[in-house]
Amino acid sequence: MNIPEKLGPEKLAKKPAPRPARSLRLKNTLIGWSFVAVASLLIGIFYFYPMVQALIMSFQSGTGVNLSFVGFENYIRLFQDPVFLTTVKNTVIYLIIQVPVMILLALFLSVVLNNKTLKWKGFFRTAIFLPCVTSLVAYSVVFKYLFAPDGIVNMTLMKINLVSEPVQWLTDPFWAKITIILAITWRWTGYNMIFYLSALQNVDQSIYEAAKIDGASAIQQFFKITIPMLKPIILFTSITSTIGTLQLFDEVMNITAGGPGNSTMTISQYIYNLSFKYTPDFGYAATVSYAIVILIVIFSIIQFKAGGEKK
Amino acid sequence: MKLSNKVIGYLFLSICAIISIFPFYWMVVSMTNTSSDVTRGKLLPGGHFIENLKNLLQTVDLVPALTNSAIIAVATTVLSLLIASLAGYGFEIYRSKAKDIVFNILLLSMMIPFAALMVPLFRMFGSITPVLPFIGIDTLSAVVLPTITTAFLIFFFRQSTKMFPKEILEAGRIDGLKEIGIFFRIYVPTMKTTYAAAAIITFMASWNNYLWPLVVLQSPENQTIPLLISNLGSSYSPDYGMIMMAIVIATMPTAIIFFFMQKHFVAGMMGSVK
């Protein structure tokens with residue numbers, strides 16, 4: 001610490017007379033506010049102001065910059081738009097399958113890794129965490145090639161006689177969704193695992209000892225002790241993963257480009273397409289944007305209600 | 001029974017580890033092979049490293065893209081850290097009811113998905129382009145500006161400030177330091193690890209950012225690394241060896257940060273839970 005040594009005796013003696021308390025308090029308040037001003041202003045400009053703009057735009061329609069007010073037309077269109085409904089369905093499918101699978105997998109991994117007698121712990125932990133260093137675009141492109149009709153995955157599956165002909169990982173509507181789910185799970189399981197591992201380190205081991213004496217099996221211990229103990233962190237990670245999945249864009253764009261048809265397209269990608277790929281319709285795109293915001297709020301509330309009743 | 005449990009545990013971990021590592025192995029091996037070797041499923045290193053690198057440098061503007069990404073990531077990191085740490089410090093040290101309300105409003109912005117922001121942001125930058133062309137559409141500044149302030153980072157700094165020994169600040173005041181001086185001369189040097197963790201998450205997020213640059217950058221000379229990789233990946237007759245070379249190069253900076261600063265890296269990732 002480099003606290004400057006300016007504390008001479010003469011300085012102490014010439015301490016300025018205390019100023020009126022009010023102006024001092026005002027000055028302190030101003031200093032406090034000036035510390036937080038830039039950040040608050042920038043968040044206002046780049047988050048809240050655009051959301052207000054989007055709200056206004058969601059009642060407008062037209063191509064490019066020529067927008068005119070159309071009332072609730074966009075919102076009516078939203079519920080009759082088959083593409084929008086497909087993208088919501090796809091996004092929710094990713095969400096309700098991928099998030100629980102990943103969280104369970106991450107929990108299992110962290111419990112196994114938390115075993116005191118385990119060897120090569122560091123290696124396993126690093127290896128499973130490693131996917132987190134990749135950029136979303138880069139790993140998506142790698143997955144696209146791995147899951148190509150003649151890619152390594154199909155080659156391996158055929159070699160071990162699990163399938164007789166290549167699985168259409170990228171071009172079949174069902175398998176394409178599976179590919180996306182597998183990809184996201186690969187990228188994020190290690191990330192979630194790290195959270196659980198650090199939470200597990202704070203769990204008192206004697207609880208497990210007691211459970212063992214009472215004859216609880218490993219599986220019972222997992223569901224009856226580990227999961228309840230980690231509830232807050234599970235809630236946190238599931239909300240983060242939910243918000244992330246609802247915004248899914250990079251993977252779908254680079255693995256399947258939303259195809260085949262629109263069968264893997266997400267809401268984010270639809271907003272992108274509406275604004276920058278098709279004839280731009282910013283007004284309607286803004287309406288779709290609010291759909292994601294509302295979904296995020298709904299899912300977060302559901303998870304809070306489900307996970308935190310007794311807090 | 002105990003032994004079999006152990007075997008299952010090791011088996012499970014080994015399978016997960018192999019699945020996690022395999023794409024990396026494949027990337028690295030494929031960057032040394034020809035495209036047809038890669039399609040044939042060759043999993044051993046070959047001798048075409050130099051050739052793939054040459055091809056890559058000839059086909060795409062790799063160096064300008066790396067430079068753009070580096071400029072954006074460094075600028076974003078420096079500005080973000082400054083803005084967020086000032087705010088996190090301010091919210092905690094000069095705590096007041098009104099500031100807590102502001103802080104909670106700022107936290108709400110974490111719920112806003114970027115997809116919802118991109119259209120109004122694009123229009124915002126579009127409308128300032130004629131007036132201030134240097135921060136308008138298709139400039140690196142336009143990529144940086146909306147990303148330098150995140151509520152998450154402010155929250156991260158505020159949480160860390162809670163642990164900060166407040167007596168040191170009092171000591172600084174008695175020594176006659178101005179409030180801003182206390183921040184820069186006492187707080188910043190003592191919070192090195194927090195800054196390191198914050199720098200890592202911010203740098204990585206910026207280096208890998210895809211959607212906003214895709215929207216706001218248009219000319220090829222402004223391309224960033226994720227845009228370049230994405231373009232390569234969507235080509236109809238991909239040269240696998242060359243593309244893997246590009247992907248490995250793009251992953252290098254974050255991989256290096258990870259291996260040399262693992263502790264801070266993990267701390268940064270987990271910053272939000274305390």
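Predicted model: local features only at pLDDT ≥ 70, side-chain atom pairs only at ≥ 80, totals over all residues.
**Chain B in outline**

Chain B contains 15 helices and zero strands, and its C-alpha atoms fill a box of roughly 70 × 70 × 35 Å when the box is taken along the principal axes. Of the 274 residues in chain B, 55% are buried.

**Salt bridges**

Over all chains, a search of the whole structure finds seven salt bridges.

| Pair | Closest N and O atoms |
|---|---|
| A:R77 and A:D281 | 3.1 Å |
| B:D100 and B:R95 | 3.1 Å |
| B:D100 and B:R158 | 3.2 Å |

In chain A, A:R77 forms a salt bridge with A:D281. This pair links distant parts of the chain, 204 residues apart, with A:R77 in helix α3 (residues 73–80) and A:D281 in the loop between α13 (267–277) and α14 (282–307) of chain A. A:R77 counts as partly exposed at 35% relative accessibility, whereas A:D281, at 12% relative accessibility, counts as buried.

In chain B, a network of salt bridges links B:E92, B:R95, B:D100 and B:R158. Within it, B:D100 forms a salt bridge with B:R95 and another with B:R158. Because B:D100 lies in helix α5 (residues 97–108) and B:R158 in helix α8 (residues 151–162) of chain B, the pair ties together parts that are 58 residues apart in sequence. B:D100 is itself buried, with a relative accessible area of 17%, and B:R158 counts as buried at 3% relative accessibility, while B:R95 is exposed, with a relative accessible area of 51%.

**The second largest pocket**

The second largest pocket holds about 1,200 Å³ of space. Its lining consists of 30 residues, and those that lie nearest the centre of the pocket are A:V111, A:N115, A:A218, A:Q221 and B:N5. At least two lining residues each are supplied by α4 (82–113), α9 (205–213) and α10 (218–229) of chain A and by α1 (2–30) of chain B. The largest share of this lining, eight residues, comes from α1(B). Sorted by class, the lining has 16 nonpolar, nine polar and five charged residues.

**Cavities**

Rolling a probe the size of a water molecule over the atoms shows where empty space is left. In this structure there are three cavities of 30 Å³ or more.

The largest cavity has a volume of about 80 Å³. Residues of chain A that line it include A:Y145, A:A148, A:D150, A:G151 and A:I152, and those of chain B include B:W26, B:V38, B:T39 and B:Y240. By class, this lining has six nonpolar, two polar and one charged residues.

The second largest cavity holds about 50 Å³ of space, and among the residues that line it are B:S69, B:I72, B:V143, B:W207 and B:P226. Helices α4 (62–93) and α11 (192–208) of chain B each supply at least two residues of this lining. The lining of the second largest cavity divides into five nonpolar, four polar and no charged residues.

**A nonpolar patch on the surface**

On the surface, B:M252, B:I256, B:F259, B:F260 and B:M261 form a nonpolar patch, and together they have about 530 Å² of accessible area. One of these residues, B:M261, is found in the loop between α14 (240–260) and α15 (262–269) of chain B. With a relative accessible area of 32%, B:M261 is partly exposed, and it can belong to the patch because patches are made of residues with over 30% relative accessible area and no salt bridge.

**Two residues with positive phi**

A:N161 has a phi near 60 degrees, a positive value in a residue other than glycine, and lies in the loop between α7 (152–159) and α8 (173–200) of chain A. In chain B, the phi of B:D138 is near 65 degrees, again a positive value in a residue other than glycine, and B:D138 lies in the loop between α6 (114–128) and α7 (140–144).

Note on methods:
Residues numbered from 1 in each chain as written. Chains lettered and ligands numbered in written order. Heavy atoms only, no water. Patch = residues over 30% accessible without salt bridge, like charges linked within 9 Å, V, L, I, M, F, W, Y side chains within 5 Å. Areas by Shrake-Rupley, 256 points an atom, 1.4 Å probe, with all protein chains shown as cover. Salt bridge = Lys/Arg side-chain N within 4 Å of Asp/Glu carboxyl O. Helix = DSSP H or I, 4+ residues; strand = E, 2+ residues; numbered from the N terminus. Buried < 20%, exposed > 50% of the residue type's maximum accessible area, 1.4 Å probe, protein only. 1 Å grid on protein atoms, 1.4 Å probe; cavity = no way out; pocket = protein on both sides within 12 Å on 5 of 7 lines; lining within 4 Å. Points joined across faces, edges and corners; volume = space filled by probe spheres on them. Nonpolar A, V, L, I, M, F, W, Y, C, P; charged D, E, K, R; others polar.
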